[in-house]
Amino acid sequence: MTDDARTSAPSTPLPSEPARCHIAQFNVGTIRFPLDEPEMADFVAQLEPVNALADGTPGFVWRLVEEGEGDATRMRPAGADVVVNFSVWESMEALWDFVYRSPHLDTMRRRREWFQRHMESHLVMWWIPAGYIPTVAEALERLALLREHGPSPRAFTFSTSYTAAEAEALQAAPSLGR
């Protein structure tokens, strides 16, 4: 559901560096029709295969799922007509490869059939310590931060990304960032 697109993948740490940080991504999409309507059938049919693809992609760490379900599509923490997607990846490159260099891209190309165009940021990313699983509340806060203040090492997008080192530097001196 992300709209951001660049022609090259973001830079990543050297392979010899141990992963101290992972990248969290959260995006929202305002659905055009209820999920059980015929207009959403193709989208709903793609949920399981796209989620299985993510689960098997190198660098995938975690994704939000509703208890007892295979996805989080029916969870609505951002509004009754807003679907959320929330995942953690080992690196920006791993996330980029899944979003833009896998069959997931075919689904994204059709997103306007199923989702309204957002006039404000709908995707946010931030660095987290490896092994940490962020909460939905934290994700909503990061999205609000991006919408209110624009990109920063605490909340950014693919096209306005920051490194884990920049995020760590901000934590060491919180008065310097948003």
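Residue A164 lies in helix 6, where helices (H or I, at least four residues) and strands (E, at least two) are DSSP runs numbered from the N terminus. The structure is a predicted model, in which local features need pLDDT of at least 70 and side-chain atom pairs count only at pLDDT 80 or more, while totals for chains, interfaces and linings use all residues. Residues are numbered from 1 along each chain as its sequence is written, and side-chain values use heavy atoms, with hydrogens and water left out.

With a relative accessibility of 18%, A164 counts as buried; the term buried denotes under 20% relative accessible area, exposed over 50%, and partly exposed the range in between (1.4 Å probe, protein chains only). When residues up to four places away in sequence are not counted, A164 touches C21 and W127, contact being defined as heavy atoms within 4.5 Å. The C-alpha atoms of A164 and P129 are separated by 9.4 Å, although these residues are 35 apart along the chain.

W127 is in contact with C21, H22, I23, M92, F156, Y162, T163, A164 and A167, leaving aside its neighbours within four places in sequence. W127 also belongs to the largest nonpolar core, which has 22 residues; I23, W89, M125, W127 and F158 have the most contacts inside it. A nonpolar core is a set of buried Ala, Val, Leu, Ile, Met, Phe, Trp, Tyr and Cys residues joined through side-chain atoms within 4.5 Å. At least two residues of this core are supplied by each of strand 1, helix 1 (41-56), helix 2 (92-100), helix 3 (104-109), strand 4 and helix 6. Helix 2 gives the most, with 7 residues. Another core, of 18 residues, lies apart from it and includes L64, V82, I128 and L146. In soluble globular proteins, nonpolar side chains tend to be buried together.

Helix 2 is largely enclosed by the rest of the structure, because 7 of its 9 residues are buried. The buried residues are M92, A94, L95, W96, F98, V99 and Y100, and what covers them includes strand 1, helix 1, strand 3, helix 3 and strand 4.

Strand 1 is likewise largely enclosed, since 10 of its 10 residues are buried. C21, I23, Q25, N27 and G29 point one way from the strand, whereas H22, A24, F26, V28 and T30 point the other way. Strand 1 runs antiparallel to strand 4, to which 7 bridges join it, and I23 stands opposite W127 in that strand. Strand 1 also pairs with strand 3 (residues 82-89) in the antiparallel sense over 8 bridges, with V83 as the bridge partner of G29. Two strands are taken to pair if DSSP finds at least two bridges between them. T30, found in strand 1 (residues 21-30), is buried with a relative accessible area of 11%. Apart from residues up to four places away in sequence, T30 touches D81, V82, W114, F115, Q116 and H118.
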